[in-house]
Structure formats: structure tokens, C-alpha cells
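Subject: Handover of a structure and notes on it

Dear colleague,

Please find below the structure that I am handing over to you. My notes follow it, and I would be grateful if you read them with the structure open.

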Amino acid sequence: MVARVVPVAPFDLVVFGGTGDLARRKLLPALYYRDLAGQLPDDARIIGVARSDLSADAYRERAVEALKSFIPAADLKDACVKRFIGRISYVRVDVSSTDGWDALAALLKGREDRVRAFYLALEPRFFGPICERLKASGIVTPTSRVVVEKPLGDQLASYRALNAQLTHAFDEHHLYRIDHYLGKETVQNLMALRFANALFEPLWNARHIDHVQITVAESVGVEGRGAYYDHAGALRDMVQNHLLQLLCLTAMEPPGKFDPDDVRNEKLKVLRALEPIDGSNVESHAVRGQYAGRNGAAGYIEDVGANDSTTETFVALKVNIANWRWSGTPFYVRTGKRLRSRLSEIAVIFKDVPHSIFPAAAGAVRENALIIRLQPHEGITLLMNIKDPGPGGMRLIEAPLDMTFASSLGIKGLRMPDAYERLVMDVIRGDPTLFMRGDEVEAAWAWIDPILAAWETGHRRPQLYDAGSSGPEDALRLMHMDGRRWLEIEA
Ligand code: BG6
């Protein structure tokens with residue numbers, strides 16, 4: 001089965017931070033793959049912008065190096081690499097001064113009817129100055145798009161200040177705030193599962209669902225990002241954005257249409273319905289942990305070289321949603337680094353049958369669970385009770401109804417597109433459905449701030465957990481207190 005590819009309109013994509021990590025690791029490879037798939041029209045250009053004094057050829061060489069580093073050799077087809085590189089140019093711009101802006105304007109001149117997108121792939125402190133200069137340089141067309149990515153502030157106040165800079169220069173409909181989790185295949189499939197099937201929606205509420213578990217476990221540590229991470233921690237780095245977005249998509253009401261504002265309005269309502277976690281309940285609703293070294297592997301303290309760091313590398317929260325659909329059904333979310341394996345999934349655990357007709361000898365009737373796996377092995381599994389096959393009488397066993405997309409759809413061996421491929425093409429198409437609106441980010445910070453404040457004023461340090469484990473003991477306790485348990489973290 002081959003995915004259907006609809007070419008996008010001709011565009012100029014200007015990547016500020018064109019020599020940086022995000023451009024090299026994610027954007028150039030994503031654009032290359034879209035070119036390989038035939039989605040880029042002949043008249044699609046990529047303009048790298050950075051402070052380095054490079055010729056366009058030197059930048060193209062760097063782009064080729066990036067492709068070689070982050071794309072398997074088998075996918076690098078000479079003809080496509082050549083075509084792709086031919087789309088790339090480079091302009092040296094000092095974003096904190098007026099240097100280089102005229103050259104950028106000259107390169108864009110006469111192409112005002114093409115889609116124009118400015119991707120700010122650099123530190124947020126540059127967002128405001130760049131937006132102002134973009135406006136001042138006259139290169140912004142009525143349909144231009146500006147793409148930004150986290151960290152969008154480190155608390156509500158700093159987010160508001162950053163957002164004010166963006167919205168001072170651009171209207172909301174120009175702004176595309178990326179949360180790359182929204183570009184993941186299975187995250188979009190969650191919406192298809194819920195709203196394109198009549199099967200689940202009638203059961204999708206507190207009457208039938210006991211609880212929901214959202215896990216984003218990573219096996220890697222901070223990977224050279226210690227300076228950023230030690231200030232951020234897992235709550236800001238993962239929960240404020242990715243995990244809350246997953247929670248919103250799982251919990252939201254059906255939008256009237258699959259339309260950017262309809263979807264985002266529903267997510268916003270969920271964020272606004274989250275019960276606060278603050279100094280009054282942080283002990284019973286939030287757990288933070290920090291990985292310790294094991295078997296010679298470094299712990300977090302050694303990784304970041306800060307002996308007294310109280311930064312959390314693991315968070316587990318019990319989240320209640322105060323609305324008719326979810327009242328009484330908690331959402332437990334957890335995320336952490338250096339855990340047993342890399343696994344992201346949403347598990348919807350249904351309530352027990354009201355009464356079991358089977359004798360004790362048949363074994364326990366387990367709750368049904370619907371598991372939506374984001375990575376690895378994207379797919380959906382429904383855990384059911386069935387009769388153990390064979391003679392031996394009525395014995396119940398749990399069996400998975402398994403739809404791993406790669407095998408069920410006959411696309412084994414086919415690469416799942418990276419989230420950035422989808423999201424960058426959505427920017428070009430002008431579809432912000434999978435991007436966060438300003439009020440969503442604001443509502444997420446408004447909910448996160450009291451947790452941060454409670455941790456700052458509390459005396460408890462993050463609980464240590466062994467690298468390679470499932471997280472700290474207290475996370476297990478969070479569930480045990482409610483008579484529940486986490487699913488195993490196993491890939
Ligand atoms: C990023 C975080 O947003 O998401 C990283 O800053 C984290 O710390 C990453 O490793 C996880 O993304 P993925 O797509 O690998 O699950």
C-alpha cells in the first residue's frame with residue numbers, strides 16, 4: 001500500500017537557524033523525504049538563514065552532510081538529492097541587527113504569490129526581534145506563516161511575554177506553534193479512531209471507563225542538552241506540551257468539524273476543565289523523580305554536572321477533569337528519561353463487567369483495555385477476555401486484538417513519516433489544525449504553574465530511580481493508593 005501524496009503549492013520556506021540542530025536533524029530530512037515522495041512542486045525553495053559567513057554552495061554541502069547523517073543510505077537517491085539540493089539557497093543574516101535583511105528581501109522579491117513561510121528554528125529569545133524585522137523589511141505577504149517551537153516560555157508570565165512579541169508583529173492566523181507530538185501518525189489516528197467509528201464513542205466516558213493512562217517513556221537521558229534541561233525538567237519539557245496535548249485529544253468532546261478552530265476549541269475546554277494541582281494536593285497527585293546511575297552508567301547529576309540539582313527527569317500525575325464526561329475517571333500521566341524502554345502509549349482502561357457469570361475456576365475477568373501505541377510499532381490493541389482454546393472447560397484468558405499498522409495495513413517495512421514531514425507540509429498548505437493556538441498554550445501554563453510553585457516551596461527532593469527502571473516507587477504508589485496499577489513499560 002502506498003500513501004497518497006497530494007503536491008503542495010509552490011513555496012519559499014525561509015529557515016532561520018538554518019545551520020542549527022533542528023534544521024539539520026529534522027527539517028532538511030523531512031523536506032527531503034517529501035521531495036522523494038513527489039510532494040514538492042518544481043517551484044519550491046528552501047532558504048537557509050544564519051549568522052555564519054557561508055556561500056550558498058558551502059551551505060548546500062552542509063545540507064548534504066545533514067541528509068547523510070540522518071537518512072539511511074538506501075533512501076538517498078542521487079536524482080532526488082540533486083533535485084533537493086537545487087532548491088536550497090543561503091543568506092547570511094544577523095537577526096539582531098539590520099545586516100543581511102536586504103539580501104533576503106532581494107531573494108524573495110517577485111515571488112509574492114508563492115506561499116511564504118518563516119521557520120524560526122532558533123532560541124526563543126530571537127523570536128521577538130526576528131518578527132519585528134520581518135515586518136519592517138516588507139517581506140511579509142498577507143498569507144505568510146511564521147513557525148515557532150518550544151520552549152514557549154518557562155511559566156505563564158514568560159509565555160505571555162513571548163507571545164506578546166509574536167502577536168505584536170503577527171495575527172494569530174499567521175502563527176504556527178509546533179508540538180511535534182501532534183504530527184505523529186497515531187496521534188492523528190486517535191481522532192480517526194474516536195470520531196470515524198461508531199463503536200467507541202458511546203463508551204468514551206466516566207460511566208464505562210475506569211481510568212486512562214498516558215505514558216511517554218524514553219530510554220535516553222538528557223543527551224548533551226543538560227543546560228536547557230536542568231532549567232526545564234520533565235514537567236515543562238514534556239508534560240506542559242506533549243502529554244497535555246495527548247490528554248486533550250483523548251478527553252475532548254467531538255468537534256463539529258475537523259477544522260482548525262473547532263478542534264482547538266474543544267482541546268481548550270479540556271485544559272480549562274483540569275482540576276488544579278497545587279500546594280494543597282501536590283503530595284497525593286504529583287510525583288517527581290530523578291534518575292540515578294546504575295552499573296557504571298552516569299546518573300542525572302553526573303550527566304549535567306550539577307550536584308545539587310533538584311530537576312525532575314520523571315513526572316507522574318493524577319489528573320482529574322471536572323466535566324460531565326470525565327468526572328470520577330482520572331487520567332494518570334507519566335513521562336521520564338532513562339526508563340526501561342522507549343514507549344509512548346495511551347491506555348484506556350474500561351470498567352469491569354457488572355457481574356461475572358463464570359465460576360472462580362474460570363479465572364478472573366480482566367478489564368478491557370484499549371491501547372493506542374504512538375511509538376514504537378504504531379498501532380492499536382484491544383485487550384479482550386476470551387476462552388482459552390481447547391478442551392479443559394471454561395477458562396478465561398486475556399488476548400490482544402492487535403492492529404499494528406505496519407502489518408495490518410500491509411505496509412510492513414514501509415517507513416512511518418516523521419512528524420515534521422506532516423507538520424511542515426501543513427504549514428505550506430495553511431492548515432493549523434495540528435498546531436497549538438496561543439490560548440491553548442496559555443491555558444496549559446496556567447495549569448502547570450501551581451505545580452511548579454508547589455514543588456519550589458516544598459521541601460521534598462525528586463525521588464531517585466534507577467536508570468533502566470520504570471521510574472520511582474512513589475509513581476507506583478500513586479496508582480496503588482487508588483487500587484490501580486500502571487501497565488508495564490515494555491516496547
Ligand atoms: C522533545 C523534548 O520535545 O521531545 C525531548 O524536548 C524529548 O526532551 C523529545 O526527548 C521526545 O520526542 P520523541 O518524538 O522522540 O518522542
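In which loop is L122 found? L122 sits in the loop between strand 4 and helix 5 (127–136). Please bear in mind throughout that this is a predicted model.

Leaving aside residues up to four places away in sequence, L122 touches F16, G17, F127 and I130. One of these, G17, is 105 residues from L122 along the chain, yet the C-alpha atoms of the two are separated by 5.1 Å.

G18 belongs to the loop between strand 1 and helix 1. With a relative accessible area of 2%, G18 is buried, since this value is under 20%. G18 and G183 give another pair to look at: they are 165 residues apart in sequence, and 21 Å lies between their C-alpha atoms.

**The nonpolar cores**

In soluble globular proteins, nonpolar side chains tend to be buried together. In this model, the largest nonpolar core has 149 residues. The residues with the most contacts inside this core are F16, L104, Y119, L317 and L370. Helix 8 (residues 226–251) supplies the largest share of the core, 12 residues. Apart from this core lies another, of 6 residues, which includes A347, I349, L383 and L487.

Setting aside residues up to four places away in sequence, L370 touches L193, F200, W204, I346, A347, V348, F350, I380, T381 and L382.

As for cysteines, C80 is buried, with a relative accessible area of 5%, and C131 is buried as well, with a relative accessible area of 0%. A search of the whole structure finds 0 disulfides.

**The ligand**

Which residues surround the ligand? They are K150, H180, Y181, K184, E218, R225, D237, M238, H242, K337, R342 and Q375. Helix 8 contributes the largest share of this shell, 3 residues.

Some of the distances to the ligand can be given:

- From a polar side-chain atom of E218 to an oxygen atom of the ligand, the distance is 2.5 Å.
- For Q375, a polar side-chain atom lies 2.7 Å from an oxygen atom of the ligand.
- For R225, an N or O atom in the side chain is 2.8 Å from an oxygen atom of the ligand.

On its own, the ligand has 400 Å² of accessible area, and the protein covers 81% of it.

**Helix 13**

Why can helix 13 (residues 419–429) be called largely enclosed by the rest of the structure? The reason is that 9 of its 11 residues are buried. These buried residues are A419, Y420, E421, L423, V424, M425, D426, V427 and I428. Among the elements that cover them are strand 1 (11–16), helix 1 (21–36), strand 4 (115–120), strand 5 (145–149) and strand 6 (175–178).

At the start of helix 13, a side-chain oxygen of D418 comes to within 3.1 Å of the backbone nitrogen of Y420. After helix 13 comes G430, which has a positive phi, near 75 degrees.

**Backbone details in the loops**

K150, which is among the residues around the ligand, is joined to P151 by a cis peptide bond with omega about 5 degrees. P151 is in the loop between strand 5 and helix 6 (156–169).

Q375, also in the shell around the ligand, is linked to P376 by a peptide bond that is cis, with omega near -10 degrees. P376 has its place in the loop between strand 12 (369–375) and strand 13 (379–387). H377 is likewise found in the loop between strand 12 and strand 13. Although H377 is not a glycine, its phi is positive, at about 50 degrees.

R338 is not a glycine either, and its phi is positive, at about 50 degrees. R338 lies in the loop between strand 10 (331–336) and strand 11 (343–350).

With kind regards

Conventions:
Residues are numbered from 1 along each chain as its sequence is written. This is a predicted model: local features need pLDDT of at least 70, side-chain atom pairs count only at pLDDT 80 or more; totals for chains, interfaces and linings use all residues. Side-chain values use heavy atoms; hydrogens and water are left out. A nonpolar core is a set of buried Ala, Val, Leu, Ile, Met, Phe, Trp, Tyr and Cys residues joined through side-chain atoms within 4.5 Å. Buried means under 20% relative accessible area, exposed over 50%, partly exposed in between (1.4 Å probe, protein chains only). Helices (H or I, at least four residues) and strands (E, at least two) are DSSP runs, numbered from the N terminus. Contact means heavy atoms within 4.5 Å. A disulfide is a pair of cysteine sulfur atoms within 2.5 Å. A residue is near a molecule or strand if one of its heavy atoms lies within 4 Å of it. A polar contact is a pair of N or O atoms within 3.5 Å; within protein, one must be able to donate a hydrogen and the other to accept it, and residues adjacent in sequence count only if both atoms are side-chain atoms. Accessible areas come from the Shrake-Rupley method with a 1.4 Å probe; for residues, only the protein chains shown count as cover.
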